[in-house]
Amino acid sequence: MPELYKQIFENNKKWVEETKKNNPKFFDELANGQKPPILWIGCSDSRVPANEITGTKPGEIFVHRNIANMVVHSDMNMLSVLDYAVNVLNVTHVIVCGHYGCGGVITAMGNKQVGIIDNWLRHIKDVYRLHYEELQAIQDPKTRADRFVELNVIEQVLDLSKTSIVQNAWRSGQKLYLHGLVYDIANGYLKDLDVTMDDPDQLPSYYLLDKVAVVK
Ligand code: CO
C-alpha cells in the first residue's frame, strides 16, 4: 500500500482531535446542515484546493471542480451543482477560479492528442477562437498561456450568466454575484479579474431568456 494512502488516516485522526480541541461543537454544528454563501467552480488540479487557499472552513464553500474550471451548458454535473447552490442553498457568490499553468488550458493551445480529454478541451479551443487575434499577438508563450487562462475564466463567467438558472435567480430579485478569479500557483495569490456580473443587462440581448410564463 502506498505510504501516503496509509498516512491520510493518521492525518484524519489528528485533524479530528485538533479540530475538537479548538471547537468541541464543530462536528455537531456541521452535522446540522450547510448554508455556504459561496459556490466555487475550480480546476481539478491538486495544487488549487478551494478551502485552503481561501482560508475557509468546511461548511463555508460549496465546491465543483473539473478540468480547467469549465461551465459547459450540457454538463448535468455542473448544472445540478449550480441549481442546488442557487435555488436550495441560496448562495450569494459564484466564483469561477482558474489558475496560471493550467494543464488543460495549455494543452488546448496546441494540437497534440492526449485522449478522451481532447473532446472536453474543445470547449477551451472555442475560447481560443473567440480571442484568437489577442492571443496570437502575444509573442512570449508563457504570457500568452497566462492570458488564455484569464480569458477562459472570463468566458466561463459569461457562460454562467447565460444559464436559465442564473437568469431566473436575477429576474426573481435574488442577489447573485458571478466572479472571475485566477490563482497563481507560483506565489499563492488570488487575483480578481474584475468581471463581476450581477445583472442580466450585462449580457447581449440575444442571450437573455424571457421570464417563464406560468401555465394554468
Ligand atoms: Co488546471
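The place of F26 is in helix α2, residues 26-31. F26 is buried, because its relative accessible area is 11% and buried means under 20% relative accessible area, with exposed over 50% and partly exposed in between, using a 1.4 Å probe and protein chains only. Ten residues along the chain separate F26 from V16, and their C-alpha atoms are 9.6 Å apart.

Before going on, here is how to read the model. It is a predicted model, in which local features need pLDDT of at least 70 and side-chain atom pairs count only at pLDDT 80 or more, while totals for chains, interfaces and linings use all residues. Residues are numbered from 1 along each chain as its sequence is written, and side-chain values use heavy atoms, with hydrogens and water left out.

Now step back to the whole protein. It has nine helices and five strands; these are DSSP runs, numbered from the N terminus, with helices being H or I of at least four residues and strands E of at least two. From the N terminus on, the elements run α-α-β-α-β-α-β-α-α-α-α-α-β-β. The C-alpha trace spans about 55 × 55 × 30 Å along its principal axes. Of the 216 residues, 38% count as buried. Among contacts between residues at least 6 apart in sequence, 63% join residues at least 24 apart.

Next, follow the strands. The five strands form an open sheet with mixed pairing, in the order β2-β1-β3-β4-β5; two strands pair if DSSP finds at least two bridges between them. At the edges are β2 (61-66) and β5 (190-192), each of which pairs on one side only. From one strand to the next, the twist averages 25 degrees; the axes behind such angles are lines fitted to C-alpha atoms, for helices over the stretch in contact, and angles run from 0 to 180 degrees between N-to-C directions.

Strand β1 (residues 38-43) pairs with β3 (residues 93-99) in the parallel sense over five bridges, and the bridge partner of W40 in β3 is I95. Strand β4 (residues 177-183) also runs parallel to β3, joined to it by seven bridges. In β4, L178 is the bridge partner of V94. Strand β3 is largely enclosed by the rest of the structure, because six of its seven residues are buried.

Now turn to helix α6, which covers residues 117-130. Its 14 residues should span 20 Å at 1.5 Å a residue, and this agrees with the 21 Å between its end C-alpha atoms; the expected span is 1.5 Å times one less than the number of residues. There is also a kink of about 35 degrees in α6, centred on H123, where the bend at a residue is the angle between axes fitted to the seven residues ending there and the seven starting there. D118, L121, I124, V127 and Y128 are the buried residues of α6. An α-helix has 3.6 residues a turn, so residues three or four places apart point the same way. What covers the buried residues of α6 includes α5 (103-109), α7 (132-136) and α8 (141-161).

In the loop between α6 and α7 you will find H131. Is H131 buried or exposed? H131 counts as buried, because its relative accessibility is 18%. Leaving aside neighbours within four places in sequence, H131 is in contact with L151 and E155.

Our last stop is D199, in the segment after β5. D199 is partly exposed, with a relative accessible area of 30%. C-alpha to C-alpha, D199 and L130 are 23 Å apart in space, and they are 69 residues apart in sequence.

Notes: Contact means heavy atoms within 4.5 Å.
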